[in-house]
Amino acid sequence: MTSPRNRQQAAAGLQAAATMSGAVDLSALAAQAEASRAGVSAGGGAPAAPAGDNVVDVTDASFETEVIGRSARQVVVVDLSAAWSPESQQLSPVLAAMAQQSGGRWALARVDVDASPGIAQAFGVQSVPMVVAIAGGQPVSAFNGVQPQAQIQAWIDEILAKVGGALQGDPAGGEAPAEEDDPQMVAAEELMNSGDVDGALAAYRAIAEADPGNAEAASTVRNLEFILRAQGHDPSIVDNAAAGDIDAQLAAADVLLLAQQPEEAFERILAVVRTTAGDEKDKARTRLLELFELFEPSEPFVVAARRKLAAALY
């Protein structure tokens, strides 16, 4: 049985793991928004381009309404930037002008990562500028750094072609009809929110087994199983694991991954694959493949690790 402290950690860790899987748990910002809605301002550092109907400055408090809610009826491009970043100051005005000229086909949400750390954490921002497209409450595509305007336009056009027609309501911002939530998923989420991680895991497992096509349930099961396992390790294992102790090395990889250090975690397991044989090699290979499932396959560090794994095996 999981302790209350570990349950709280697991609930918090689920948001981080969601980032790994590519399904960022943006709904977690709703609680922060409710707590900080009154008296929170954007602070300094917002890009200088003027806001308008299709450009809005967003904070932790307004993210739920301005991004999650709006994305049900219109693609929202989130510009995560900072006043101290020259690249941000170069890119943000370009995005704002493009949004204003889009005729309501998409909207721009500008976020100062220093003033809104909750949003930055939810997206796992490592550098700015970072640009993420949101549709139907979920991230659908992203890029980092300054890009040519023509390339950005092609990126947006591709997103609109894929998801624009599936969004409800009109692009001008009319109210979208509410979708009916899956009662089983709602019940599982309520268990998670109440701190009953064991009950939530059992509920998500039941959903995934009954409906193998439910990617959200399957992803949540993988994330929760990983978090609970990783939190069961002593963090000192990272420094104390003996080179020949396979289980200790796999535990160290878990701790590193939970700390958002995937490259280091993967390298720990790759070292085991390179130096073992038989069942031990297969055990390490299987664990590494399981960890890959927590991320989008296109993540550069996953692609690099897969290549190293192939080289180590063959």
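Trainee: Which backbone oxygen does the side chain of Gln 249 reach?
Mentor: A polar contact is a pair of N or O atoms within 3.5 Å; within protein, one must be able to donate a hydrogen and the other to accept it, and residues adjacent in sequence count only if both atoms are side-chain atoms. Here the side chain of Gln 249 reaches the backbone oxygen of Ala 241 at 3.4 Å. This is a predicted model, in which local features need pLDDT of at least 70 and side-chain atom pairs count only at pLDDT 80 or more, while totals for chains, interfaces and linings use all residues. Residues are numbered from 1 along each chain as its sequence is written, and side-chain values use heavy atoms, with hydrogens and water left out.

Trainee: Where does Gln 249 lie, and is Gln 249 buried or exposed?
Mentor: Helices (H or I, at least four residues) and strands (E, at least two) are DSSP runs, numbered from the N terminus. Gln 249 belongs to helix H11, residues 246-258. Buried means under 20% relative accessible area, exposed over 50%, and partly exposed in between (1.4 Å probe, protein chains only). With a relative accessible area of 8%, Gln 249 is therefore buried. Contact means heavy atoms within 4.5 Å. Leaving aside neighbours within four places in sequence, Gln 249 is in contact with Ala 241, Ala 242, Ala 243, Arg 268 and Val 272.

Trainee: Which residues does Leu 291 touch?
Mentor: Leu 291 is part of helix H13, residues 278-292. Its relative accessibility is 1%, so Leu 291 counts as buried. Not counting residues up to four places away in sequence, Leu 291 touches Phe 226, Arg 229, Asp 254, Leu 257, Phe 266 and Ile 269. The C-alpha atoms of Leu 291 and Pro 262 are separated by 9.1 Å, although these residues are 29 apart along the chain.

Trainee: At what angle do helices H12 and H14 pack?
Mentor: Helix H12 (residues 262-275) and helix H14 (residues 300-313) pack at an angle of about 5 degrees, and their axes are 10 Å apart. H12 and H14 are therefore roughly parallel to each other, a term for angles under 35 degrees. On the H12 side, the contact is made by Pro 262, Glu 263, Phe 266, Glu 267, Leu 270, Val 273 and Arg 274. On the H14 side, the contact is made by Phe 301, Val 302, Ala 305, Lys 308, Leu 309, Ala 312 and Leu 313.

Trainee: How many aromatic pairs are there?
Mentor: Rings of Phe, Tyr and Trp (its six-membered ring) pair if their centres lie within 6.5 Å; planes under 30 degrees apart count as stacked, over 60 as edge-to-face and the rest as tilted. The count comes to six aromatic pairs. Phe 266 and Phe 295 form an edge-to-face pair, at 5.9 Å centre to centre and 80 degrees between the planes. That pair links distant parts of the chain, with Phe 266 in helix H12 and Phe 295 in the loop between H13 and H14, 29 residues apart. Both Phe 266 and Phe 295 are buried. Phe 266 and Phe 301 form a tilted pair, at 6.3 Å centre to centre and 50 degrees between the planes. Phe 266, Phe 292, Phe 295 and Phe 301 form one aromatic cluster.

Trainee: Which peptide bond is cis?
Mentor: Most residues other than glycine have a negative phi, and most peptide bonds are trans. The bond from Val 128 to Pro 129 is cis, with omega near 0 degrees. Gln 260, in the loop between H11 and H12, has a positive phi near 65 degrees.

Note on methods
Axes are lines fitted to C-alpha atoms, for helices over the stretch in contact, and angles run from 0 to 180 degrees between N-to-C directions. Angles under 35 degrees count as roughly parallel, over 145 as roughly antiparallel, 65 to 115 as roughly perpendicular and the rest as oblique.
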